[in-house]
Amino acid sequence: MRAVMNAALLRIRRHRPDRNPLRRRSDRLESAGLAVAVLLVLLSVWPAVLAGRVTYEGGLREARVGPGFRQQVTATTLREPRPVRPSFGEAATTMVPASWTTPAGVARTGHVQVPAGTRAGATVPLWIDRAGDPTTPPPSRTDVVLRGVGMAAFVQVLAFLVVLGAVAALRRLLDRRRYADWDAAWIRANDRWRRPRRP
């Protein structure tokens, strides 16, 4: 742990602003780029929280139940389902025709999903939308919270990866410039070494 801390402190010390005459212009640009990158990552927390909040509020709207949203009714199966083989680790379900009555008193029929082995005339809970058609059950509070947290984490990680890619591109560009300067310096030194000395 101490070795990791020492390595981190060494990297931070390497990029701190100072008046070191050995520090090249490219080194100062790299340090400035890293400072901007850290700032951008910190600023990306706000859009991540905003995206998570919007997702959470959308999930709460989707989870609303009652008149005008979705309601749970009881459906009665009209025939027995055909036998099906369940997939590994999953319960066997199948679609069968069923009838139900909406809260407005309108009788409806359609296909609903029931567990395999359900007998004809059995009652099963059914979620319906405002038009009385079968719909998915509302997400639980836990699902809504997890969606919001997941979206916030996704935006934060995406922002981090974009900034990381920009830093890598900056370093590659600066390294290319450093190597070019290094080659030019070696060429100049080689020319000086090859000049005959005057007596």
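Rings of Phe, Tyr and Trp (its six-membered ring) count as a pair if their centres lie within 6.5 Å.

**Figure 1. An aromatic pair in the predicted model.** The structure shown is a predicted model. By the rule above, the count comes to 1 aromatic pair. Its partners are W182 and W186. Their ring centres lie 6.0 Å apart, and the planes stand at 80 degrees to each other. The pair is edge-to-face, because planes over 60 degrees apart are classed that way.

**Figure 2. The setting of W182 and W186 in helix 4.** Helix 4 covers residues 141-194. W182 and W186 are 4 residues apart in this helix, so about one helical turn separates them. W182 is exposed, with a relative accessible area of 53%. W186 is partly exposed, at 44%.

**Figure 3. Helix 2 packed with helix 4.** Helix 2 runs through residues 25-43. The axes of helix 2 and helix 4 are 10 Å apart, at an angle of about 175 degrees. Angles over 145 degrees count as roughly antiparallel, and helix 2 and helix 4 are therefore roughly antiparallel to each other.

**Figure 4. Residues where helix 2 meets helix 4.** Helix 2 contributes S26, D27, L29, E30, G33, L34, A37, L40 and V41. From helix 4 come Q156, F160, V163, V167, L170, R171, L174 and R178. By type, the residues of this contact are 10 nonpolar, 3 polar and 4 charged.

**Figure 5. Confidence along the chain.** The mean pLDDT of the chain is 81. A value of 70 or more is reached by 80% of the residues. Confidence is lowest in helix 1 (residues 2-15), with a mean of 61. Helix 3 (residues 45-62) has the highest, at 92.

Methods: Residues numbered from 1 in each chain as written. Predicted model: local features only at pLDDT ≥ 70, side-chain atom pairs only at ≥ 80, totals over all residues. Heavy atoms only, no water. pLDDT = per-residue confidence, 0-100. Helix = DSSP H or I, 4+ residues; strand = E, 2+ residues; numbered from the N terminus. Phe/Tyr/Trp six-rings, centres within 6.5 Å; stacked < 30°, edge-to-face > 60°. Buried < 20%, exposed > 50% of the residue type's maximum accessible area, 1.4 Å probe, protein only. Axes fitted to C-alpha atoms, helices over the stretch in contact; angles between N-to-C directions. Parallel < 35°, antiparallel > 145°, perpendicular 65-115°, else oblique. Contact = heavy atoms within 4.5 Å. Nonpolar A, V, L, I, M, F, W, Y, C, P; charged D, E, K, R; others polar.
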